[in-house]
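Hello,

Here is the structure you asked about.

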Amino acid sequence: MNIKKFVVINWHITEACNYHCEFCFAKWNKPVEIWSNPDNVQKVLSNISQHFRSQGIFRIRLNIVGGEPIMSPERLWNVVEAAYNNEMEISIITNGSHLENIRPFAHLISQVGISIDSLDHETNMKIGRECGGKTICFDALRQKIEDLRKANPDIKIKLNTVVSKHNFNEVLVERFAELHIDKWKILRQRPFNGNSGVSDYQFYAFLRNNFNENLMQANVPKPHKDLLAAFIACEDIEKPNEPQQVIFVEDNDAMTESYLMVSPNGRLFQNGSDEYTYSRPLTEVSFANALSDIKFDSKKFESRYASWPTQNAVNEMEYFFHLVEDNYDDFDCFTELSDD
Ligand code: SF4
């Protein structure tokens, strides 16, 4: 595997969640979850860490996913502390309903990704992003994000939105811009377990209404506190006063076999077909042996953080709605161009 410099491991630490989204694919048939046993958490994380360090890769980000990892803050803390002890960067993906639970250790978290598909109560009820009839409240979310930033001014805030038949007509970009987020990832609801996934029309309609980088680029990135230290650490150095891309789009193909994912019971798994394929447990075999058990596309993994899937999706949306000329035959490459 030719992964350089930086890897991200998504550990789906639990299947439990307070929401019940219609298109949730975080299902593993309720296995015994590793995070109930701190010794096994430590085993899995040191296995991962040792593997990449032996390959000269020292930047490892553990992305803690669920289910909803924030529902059990004490167990989550055990995982965060073990990742910290293994010198990993730590990020968390959450549905945002209990964001306040990570505030005590927000200083150890580099990024929080919040999944928000809609800001409309009825739409969230239809999707299943609700608990006891309660859905996300934008003002409460803004306050919780502000509180996190007070605890860790460097924390990056990312929003994830899955476009489905329920929310494709919603315009979210203006409200999201108010949150001064660092990244907004727009994902396409993919076919799974008999669901056909979102249609081209619905996905492109959402992009047409929401892909507005001008609004998002109002977020000027904070200059890195110590440019020299960042350079020595070979980190990406954000240039002050230069707008950065905020909106990223992932289509189905980029989402398949392109993540390094660990299941709640500590096995690598892949989502290449309708069913997951699993490795042997990371508590029992080395990471390299576990990786050899699954189908993994390292090229897609390396390109996931590039911007071309976004540009491709936007180009396709523009062709779809005939916003651009799609007939290149009229253009004669050999016509001499004059200066006039
Ligand atoms: S919030 Fe996430 S984990 Fe929970 S039901 Fe929805 S998609 Fe699944």
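Predicted model: local features only at pLDDT ≥ 70, side-chain atom pairs only at ≥ 80, totals over all residues.

An open sheet is built from 10 strands, with mixed pairing and the order S7-S6-S5-S4-S3-S2-S1-S8-S9-S10. Strand S7 (247-250) and strand S10 (277-281) are at the edges; each has a single partner strand, so one side of each is left without a neighbour in the sheet. On average, neighbouring strands of this sheet are turned by 25° against each other, direction ignored.

Strand S8 (residues 260-262) pairs with strand S9 (residues 267-270) in the antiparallel sense, over 2 bridges. The two form a hairpin with 4 residues between them, and Gly266 in the turn has a positive phi of about 80°. Across this pair, Met261 is opposite Phe269 in S9, and Val262 is opposite Leu268 in S9. S9 also runs antiparallel to S10, joined to it by 3 bridges. There, Phe269 stands opposite Tyr278 in S10.

The helix. Helix H6 (residues 200-210) lies across strand S5 (156-163), strand S6 (183-188) and S7, and runs at about 165° to S6.

The ligand. Which residues are around the ligand? They are Cys17, Tyr19, His20, Cys21, Cys24, Gly67, Asn95 and Arg129. This shell divides into 4 nonpolar, 3 polar and 1 charged. The ligand takes up the space of the second largest pocket.

Regards

Conventions:
Residues numbered from 1 in each chain as written. Heavy atoms only, no water. Pairing = 2+ DSSP bridges. Axes fitted to C-alpha atoms, helices over the stretch in contact; angles between N-to-C directions. Contact = heavy atoms within 4.5 Å. Near = heavy atom within 4 Å. 1 Å grid on protein atoms, 1.4 Å probe; cavity = no way out; pocket = protein on both sides within 12 Å on 5 of 7 lines; lining within 4 Å. Sits in = over half its atoms within 2 Å of the grid points. Nonpolar A, V, L, I, M, F, W, Y, C, P; charged D, E, K, R; others polar.
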